[in-house]
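I opened the model today to look up a few local features. My notes follow the structure.

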Amino acid sequence: MREIKASQITEVIERLCIEANEHLPEDVKEALRTCRDCEDGEIARGVLSDIIENYEIADRECVPVCQDTGMACVFLEIGQDVHITGGDLSEAVDEGVRRGYDKGYLRKSVVKDPVRRGNTGDNTPAMLYTEIVPGEQIRVTVGPKGFGSENMSAIRMFKPSAGLQGIKDFILETVETAGPNPCPPMVVGVGIGGTFDKAALLAKKALMRPLSSSNEVPFYADLEREMLEKINKLGIGPQGFGGRTTAIGLNIETLPTHIAGMPCAINISCHVTRHKTEVI
């Protein structure tokens, strides 16, 4: 049994909140550069060049890539041989978010009541997801999620009779409806299977996967490539001005599901698909 202090988790999350908001993952940067080189339209190339310049300035000056510094989505893969000491885990996570958003001068975007509103003032609470895994480490991932793109996400509880075509149509319908609202080029996370809530979590976790990776199952890897190609043929383009690049990536995650259902969730992210990971 390995002991990890709650204060260590706080310190890591504080740091990751800042780093994730200031520095895009390298795979996202590479995808943006590649797509710019593929664009033949002056406007599309110009928009992508501006996006690239923006993240380069953020890297150099250590300032947020976007003014919407998002809700802090925190994923903890906790080894079953870990004992967390010295405090409550949820409180430790929220304290890390609180410190990170204050120290990094990051916008506080969380309201304490979904209907009556009222800003919490410190970007807490975090959206915390925990998973017990083998081992004696904790893998911490922070993925700040902006809501221009989150608002364009969707879930549908298909019957099995909808088949693969139903899922394909739903993905295209969701992206086409989103149009320029999620600040394309976007990243599309797709979750298929599980239950209503689990499908949505799968879609969120799909956004944390490197864009250079593919689903381990060839059937779904082929579906990822097919749907990304079809999305980019919609012609929405960078920031909605038209072009070849509507999405820079599409990742699919799946789980077994009930014989009577086929849940499918789509979590859309803008080109500022932020996530940072550290292992304690």
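**Ground rules.** I am working from a predicted model, in which local features need pLDDT of at least 70, side-chain atom pairs count only at pLDDT 80 or more, and totals for chains, interfaces and linings use all residues. Residues are numbered from 1 along each chain as its sequence is written, and side-chain values use heavy atoms, with hydrogens and water left out.

**Helix 3.** I started with helix 3, residues 42-61. Helices (H or I, at least four residues) and strands (E, at least two) are DSSP runs, numbered from the N terminus. Helix 3 has 20 residues and spans 28 Å from first C-alpha to last. That is close to the 28 Å expected at 1.5 Å a residue, where the expected span is 1.5 Å times one less than the number of residues.

Which residues of helix 3 are buried? I found Ala-44, Val-47, Leu-48, Ile-51, Ile-52, Tyr-55 and Ala-58. Buried means under 20% relative accessible area, exposed over 50%, and partly exposed in between (1.4 Å probe, protein chains only). Seen down the axis, the buried residues fall within an arc of 135°, so they line one face of helix 3. The arc is taken from the directions from the helix axis to the C-beta atoms. An α-helix has 3.6 residues a turn, so residues three or four places apart point the same way.

The buried residues pack against helix 1 (6-22) and helix 2 (26-38). On the other side, Glu-42, Ile-43 and Arg-60 are exposed. I checked Arg-60: its relative accessibility is 57%. Just after helix 3, Cys-62 takes a positive phi of about 55°.

**Glu-14.** I found Glu-14 in helix 1. Is it buried or exposed? Glu-14 counts as buried because its relative accessibility is 14%. Glu-14 touches Gly-96, Arg-99, Gly-100 and Lys-103, leaving out residues up to four places away in sequence. Contact means heavy atoms within 4.5 Å.

**Loop between helix 4 (89-103) and strand 4 (127-133).** I looked up Pro-125 in this loop. The peptide bond from Thr-124 to Pro-125 is cis, with omega near 5°. Asn-123 also sits in the loop and has a positive phi near 65°. Asn-123 counts as buried, at 0% relative accessibility. Arg-117 lies in this loop too, with phi near 65°. Arg-117 is partly exposed, at 46%.

I noted a cis peptide bond from Pro-184 to Pro-185, with omega near 10°. Pro-185 lies in the loop between helix 6 (163-178) and strand 7 (186-194).
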